[in-house]
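Let's take a friendly look at a protein together. Have the sequence and the 3D view ready, and follow along topic by topic.

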There are 2 protein chains.
Amino acid sequence: MISFRELWGQLAPIGRDPDSGGYLRYAWTPAELACREWFRAQADARDMPVEEDGNGNLIAWYGTGSGPAVLTGSHFDSVPHGGAYDGPLGIVSAFLAVDRLPRPTDRPIGVVAFAEEEGARFGVPCLGSRLLTGAIEPARAAALTDRDGVTVEAALGARPTGATGLLDRVERYVELHIEQGRMLEVPVGVGTAIWPHGRWRLDFTGEANHAGTTRMADRHDPMLTYAYTVLAANKEARLRGAHATVGRVYVEPNATNAVPALVRGWLDARAADAQTLSGLVEAVHKRAAERAARDGTAVTLTEESVSPVVDFDGVLVDRCAGLLDAPVLPTAAGHDAGVLSAHVPTVMLFVRNPTGISHSPAEHATDEDCEAGIEALAAVLA
Amino acid sequence: MISFRELWGQLAPIGRDPDSGGYLRYAWTPAELACREWFRAQADARDMPVEEDGNGNLIAWYGTGSGPAVLTGSHFDSVPHGGAYDGPLGIVSAFLAVDRLPRPTDRPIGVVAFAEEEGARFGVPCLGSRLLTGAIEPARAAALTDRDGVTVEAALGARPTGATGLLDRVERYVELHIEQGRMLEVPVGVGTAIWPHGRWRLDFTGEANHAGTTRMADRHDPMLTYAYTVLAANKEARLRGAHATVGRVYVEPNATNAVPALVRGWLDARAADAQTLSGLVEAVHKRAAERAARDGTAVTLTEESVSPVVDFDGVLVDRCAGLLDAPVLPTAAGHDAGVLSAHVPTVMLFVRNPTGISHSPAEHATDEDCEAGIEALAAVLA
């Protein structure tokens, strides 16, 4: 039986940036397609036929019985210069958990690789699972573009098919994932819920002007409004025990010697409940608008995606926690499990992250904890 | 004799972005090369031989006498989405001023187009005039790269030659330019000085992390330090009657759902004297470092270019102001005239800018004021 270390080592070099040590595995780019080839090879080695669902998701089936199926898996795609574990650990663990199961029964197990979970290329996270569950219209998904103007339809090579009958055959979904905060002090925990979260685009507009000659009093500088809003978002989130981040910015004309015409920032906000989240976003918008009035600029807020709170299946959570004698914990990160849970009873398993660092080359879990995760997943599947 | 409107109209479409209405005329790109073709055609039409100085600068000579020469001109290159007047007005006015002069005398007049005045492509403003005057080493200039990694040597098609004997023949330099603040209430003014000014790069480094799951207290978010510094620079400049701008920013990984690892901002700072300028930059750096300590991030300040105060030739300023009955004024913008003035007596003429807007598609001067500028330049040359 192949070891975790050996299987993990096969994936490690794919899409790794030699400078940052992080991964550039955007959906349907050569690095992510190479991961998919590895997926097919693993399925072949286990005599598991691979199904493509027409939405960019791959499912390798263990057992062909007609009984209700269990799905387990995660995603290959990464954020820019992301870590090795976020996504791939769930797929590698799924194959290795299957290796630990007895012969196939009437209840098939599907190992799944979902497409574009991070939304790093086309802007909509969990795109593959949203298409499969019908949570996004195939026509809308097909027309999404990346930063170079390439559409999902072009990247996929076809218009996505959207919801198929696949989920009618599925009775449970289990996703194993590296934990992403510092909330777990033992190797494995059971996920209870996903915080409501979303992305909002803030467009700050002012008046482009010469950075040298324009009197300070004559300026309409949207960079000031942006900067104030970044600090306000941080303060408002801390006040509420919520999370707010502005990690992406775009500037026009983005020249050293020009007052900008436009500064665009993206607000990522998350909170334990929907009311806190909407209160946070409203407070940030209000403070941005107040500052814009002082700066002689304007701000508009556009909701790009919002995911409501997800409570995983209570019965399943309790059974897993009891079976594994593991603690339960929520997460503030979105996952395909959150999308699936609206359609089939779903649960997540988390593997300990000693530093809490994620979405970074420094993301890490020990081999021992990963092996404990595989054993736990095998126990749950069994 | 061709009119200002007609000649201006020939240049207007070159490099104009149809969406913004601004210009994308970076040095040695097709749009700027098309401007140079226009320059050669104008020189040919006036029987003015064109000299290339090996540094990317073009000089069209009116008169071939052996007496000391007068240079006049400006630049074609623009900031991203810049205005039509900043640069080209000085070259168009030079040709039209020559048209108003009597037959060539023993004192030749050179109409000059300097390369890369804005520094928008290779980061060093006034690159052409710095090379011509020996203010930058040709080897250093040759190795400068644009955002795509193209070197000056590759863009120019050869290693720059640096200082030549050209300036030994030159007795005066006069540059006509659109005014860029709102300091001129009559059509034409005479420049007295250029404020000391410079560009500093601020690198804010923190720890890339997941925007959803990382507790606020565990973050090392350089975007916060950057935002605080933008606001601090604005305040410190206002306190000193100086100018400070952060108009360009670069973020890694620049993803919506990741706390950044790096935020890089460029500070453009200008003041009436060198002491105020250095005090401003020191204050910004100090406040950035204080905030970095609170954010658990780090900041480094790198001087990219600094231009000391330039006082134009006092005799020439007084003579021009008397001849034209025009007011005198300083400018906070760098110009090739500032570089030349260290080597030959130099003066600038400014044409009124009703809104003060510059480095923007909205930059504008009336045709009447431009014609007044041409008459003034012709009078000064005569």
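Two residues are in contact when they have heavy atoms within 4.5 Å. This is a predicted model, where local features need pLDDT of at least 70, side-chain atom pairs count only at pLDDT 80 or more, and totals for chains, interfaces and linings use all residues. Residues are numbered from 1 along each chain as its sequence is written, chains are lettered from A and ligands numbered from 1 in the order in which they are written, and side-chain values use heavy atoms, with hydrogens and water left out.

- Leu11(A) belongs to helix α1 of chain A, residues 4-11; a helix here is a DSSP run of H or I with at least four residues, a strand is a run of E with at least two, and both are numbered from the N terminus.
- Leu11(A) is buried, with a relative accessible area of 2%, where buried means under 20% (1.4 Å probe, protein chains only).
- Apart from neighbours within four places in sequence, Leu11(A) is in contact with Arg25(A), Cys35(A), Trp38(A), Phe76(A), Pro88(A) and Val92(A).
- Ala143(A) is 132 residues away from Leu11(A) in sequence, and their C-alpha atoms are 31 Å apart.

**Thr245(A) and its surroundings**
- Thr245(A) sits in strand β9 of chain A, which covers residues 243-252.
- Thr245(A) also counts as buried, at 1% relative accessibility.
- Which residues of chain B touch Thr245(A)? Leaving aside neighbours within four places in sequence, its contacts include Ala211(B), Arg219(B), Ala258(B) and Val259(B), together with Trp266(A), Leu267(A) and Asp268(A) from its own chain.
- Asn234(A) is eleven residues from Thr245(A) along the chain, with 7.1 Å between their C-alpha atoms.

**How the two chains are related**
- The same surface serves both copies, as 100% of the contact residues of chain B recur in chain A.

**Chain A as a whole**
- Chain A has eleven helices and 15 strands.
- Of its 382 residues, 61% are buried.
- Along the principal axes, the C-alpha atoms of chain A fill a box of roughly 75 × 40 × 40 Å.
- Among contacts in chain A between residues at least 6 apart in sequence, 76% join residues at least 24 apart.

Conventions:
Buried < 20%, exposed > 50% of the residue type's maximum accessible area, 1.4 Å probe, protein only.
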